[in-house]
Amino acid sequence: MGKNSGLLLKMDANFWVRCYLTDFEKDLFLGAETRKYLIERLINCFTSVETTPPLPLNGHQVNWVLTLSETHVVLYCARENDNFLFLWQNTTAKKPEIIGTIEVDEQQASLWMEELRFS
């Protein structure tokens with residue numbers, strides 16, 4: 001899935017959130033985690049200054065954001081031209097690969113944070 005992908009979060013009654021990468025025609029299950037963990041890690045990605053050195057990944061300098069349960073898919077983030085580039089990596093494949101990306105500009109990041117804070 002390309003840069004026009006979105007993130008779909010579905011929460012159950014126990015606050016367990018299933019995460020999907022969507023291109024608005026099909027959804028790819030990424031994994032699941034607690035609501036609290038997801039909200040804290042995503043908001044932290046948008047608001048904090050990273051103190052660890054970035055890692056090279058797929059031509060980008062990225063920092064780890066979170067790892068999802070069940071599938072062990074990892075989310076990394078790169079800051080490029082005032083945008084956030086999220087890279088989802090499948091770490092359970094024989095050769096770890098990027099399975100999708102989402103590009104979020106500053107305005108979209110503000111909307112994401114507002115939705116996350118009030119969810």
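In this predicted model, E106 has a relative accessibility of 38% and therefore counts as partly exposed. The side chain of E106 takes part in a salt bridge with R79, in which the closest N and O atoms are 2.8 Å apart. Since R79 belongs to strand 6 and E106 to helix 2 (residues 106-117), this pair ties together parts of the chain that are 27 residues apart in sequence. R79 is likewise assigned to the partly exposed class, because its relative accessible area is 48%.

The salt bridges found in the model come to three. Side chains of opposite charge can pair when their charged atoms come close. A further pair is formed by E70 and R18, for which the closest N and O atoms lie 3.7 Å apart; here, too, distant parts of the chain are linked, as E70 sits in the loop between strand 5 (60-67) and strand 6 (73-80), R18 sits in strand 2 (residues 16-22), and 52 residues separate the two. R18 is partly exposed, because its relative accessibility is 32%, and E70, at 49%, falls between the limits of 20% and 50% and is therefore also partly exposed. The pair K36 and E40 meets with an N to O distance of 3.1 Å, and because these residues are four positions apart in helix 1, about one helical turn separates them. K36 counts as exposed because its relative accessibility is 55%, whereas E40, with a relative accessible area of 45%, is partly exposed.

The residues of helix 1 that are buried are L38, I39, L42, I43, C45 and F46. When the helix is viewed down its axis, these buried residues fall within an arc of 150 degrees, so they line one face of helix 1.

The largest nonpolar core of the model contains 25 residues, and those with the most contacts inside it are L30, L66, F86 and W88. Two or more residues are given to this core by each of strand 2, helix 1, strand 5, strand 6, strand 7, strand 8 (97-104) and helix 2, and helix 1 gives the most, with six residues. When neighbours within four places in sequence are set aside, L30 is in contact with L7, C19, Y20, L21, L68, T71, V73, W88 and I99.

Apart from residues up to four places away in sequence, W16 touches K10, M11, A32, E33, T34, S69 and E70. The C-alpha atoms of W16 and E114, by contrast, are separated by 20 Å, the two residues being 98 residues apart along the chain.

Further backbone features of this kind concern phi angles. Most residues other than glycine have a negative phi, and most peptide bonds are trans. E70, although not a glycine, has a positive phi of about 80 degrees, and this residue lies in the loop between strand 5 and strand 6. D82, again not a glycine, has a positive phi of about 65 degrees and is located in the loop between strand 6 and strand 7 (83-90). D82 counts as exposed because its relative accessibility is 56%, whereas E70 is partly exposed, with a relative accessible area of 49%.

How values were computed: Residues numbered from 1 in each chain as written. Predicted model: local features only at pLDDT ≥ 70, side-chain atom pairs only at ≥ 80, totals over all residues. Heavy atoms only, no water. Buried < 20%, exposed > 50% of the residue type's maximum accessible area, 1.4 Å probe, protein only. Arc of directions from axis to C-beta. Salt bridge = Lys/Arg side-chain N within 4 Å of Asp/Glu carboxyl O. Core = buried A, V, L, I, M, F, W, Y, C linked by side-chain atoms within 4.5 Å. Contact = heavy atoms within 4.5 Å.
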